[in-house]
Amino acid sequence: MNTFYRLQSVFRNVFNDPTLRISSDLAAGAYEDWDSVATVHIVLATEVEFGVRFTTDEVGGIRSVADIVRLLESYAQRRDGGAILAAARPTPAAAQAYEG
Amino acid sequence: MNTIITAMHYCVPKGRMTNADLAERFGERQLKAITKMAGIEERRIVAPGETASDLAYWAARRLLDDRRIDPQRIDLLIFASQTGDHQIPATACSLHGRLGLADTCAAFDINLGCSSYPYSLAVAHGMITAGVAHRALVLNADALSPVIHPLDRGLVPLHGDGAVATLLEASASGGGFRGFRLGTDGSGAQHIMIPASGARIPRSEATRREITDESGIVRTQEHLYMNGPAVFHFSVYKIPEVIRQALDQFQLTVDDLDLVLLHQANKTMVDMIYRVLEVPESKRFYYMESVGNLASASTPLVLAEAWRQGRLHPGQRILLASFGNGLSWGVAVIEWPEEAGPPVQGPVEPGEAE
């Protein structure tokens, strides 16, 4: 499953909407339910799904789906040419502790 | 020689802002997510013209009156806040005058927010153990409501105003501070700030202009800004790490602690930190639902309430962890002393102590 579809699954779970279709230009504000609390949910759920840990500044810069995809791709390039996007990874402890 | 906490009191303003009040202002739908996350039902809010130092004054007066302490015997006054009365002078100096303290009493401010309690305790402890002071009055206070834009639906639901007074004294017997671990990540300073509040961006017509961000939050450059997701993320990763480092430093584990008290930022964040550290329910304590996040006064208030509710007993080991803008954090481990006075009474409201 590619990055985009896995991310769509994250968004569907966060917004509890199994029909939600995301696009690169989907952004906070354009989607009514995407407020700062939703960004926290998205970030932590994305970290669990992809086994990454974003930095504080990276999280601070997230405004859209495109921002998240860009971050995930940069992590993939840093780690074995994309293996992170294909396999389950140990999830960051804080993200694991998140219960939404 | 060690330093012990012998008395605490706190003051919250009379004004109340409930979730129903917020729903009228912002609409139910807009508030649902943040009120669920925050676990806060009501905030105590200062009246127009009322300041953090006013609340600190009443907390201090109540403490001095209840313990029948002659103000002339206080020789160190620390006011820890980011909402002081003036840029010049230090608000501690004004409070020194209002409280009638001696001219042999040192008085100064510590300019930190949510992380300020361990810092102010560490400074007072250091000065007492160095023999510079013998009896310190530490006042942690903030009134953030006047610096939050009334239409900022991200921050208004989180914050209340309040002040806590803590009396620290030298002690030769057991108990007191086991140690402190303080830290800063200044690369994140921009994530919580009032941009036009000092010399860097002077206030002007432009800084008073309202801005609505992509999630509908309204503010000006003269109001408090917080990048909520960045700060949340920092807190749930960094603070457990720092607490573990502190426990290693003091050769302790969570099993050795009787109570773990965290800055009451919001319920979800506090719970996540507890879960990451595997702190059992019996060692957790919360106090934000009826007051909100009190910034500088948050951690001392949760300690005072734990004391008031009978959760503190001599010989117990308590860990305090505070974190917030800066980005800044501090951890203190306290062994609750035999000589601590009777528990804190309920909160005082401005004017009640006279």
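## Helix H1 of chain A

In this predicted model, the buried residues of H1(A) are A:Thr3, A:Arg6, A:Leu7, A:Gln8, A:Val10 and A:Phe11. Their packing partners are two helices of chain A: H2 (36-50) and H4 (65-78).

H1 of chain A covers residues 3-14, which is 12 residues. From first C-alpha to last, H1 reaches 16 Å. That is close to the 16 Å expected at 1.5 Å a residue.

## Overall form of chain B

Chain B contains eight helices and 15 strands. How does its radius of gyration compare with that of a compact globule? Chain B has 354 residues, so a compact globule would have a radius near 20 Å. The value for chain B is 19 Å, which agrees.

Along the principal axes, the C-alpha atoms of chain B fill a box of roughly 55 × 45 × 35 Å.

## Burial and contacts in chain B

Of the 354 residues in chain B, 61% are buried. Take the contacts in chain B between residues at least 6 apart in sequence: 79% of them join residues at least 24 apart.

## Surface and charge of chain B

Chain B has an accessible surface of about 13500 Å². Carbon and sulfur atoms account for 49% of that surface.

Chain B carries 32 positive and 40 negative charges.

Technical notes
Residues numbered from 1 in each chain as written. Chains lettered and ligands numbered in written order. Predicted model: local features only at pLDDT ≥ 70, side-chain atom pairs only at ≥ 80, totals over all residues. Heavy atoms only, no water. Helix = DSSP H or I, 4+ residues; strand = E, 2+ residues; numbered from the N terminus. Rg over C-alpha atoms; globule rule 2.2 N^0.38 Å. Buried < 20%, exposed > 50% of the residue type's maximum accessible area, 1.4 Å probe, protein only. Contact = heavy atoms within 4.5 Å. Areas by Shrake-Rupley, 256 points an atom, 1.4 Å probe, with all protein chains shown as cover. Lys, Arg positive; Asp, Glu negative; His and termini not counted. Charge placed at Lys NZ, Arg CZ, Asp CG, Glu CD. Expected span 1.5 Å × (residues − 1).
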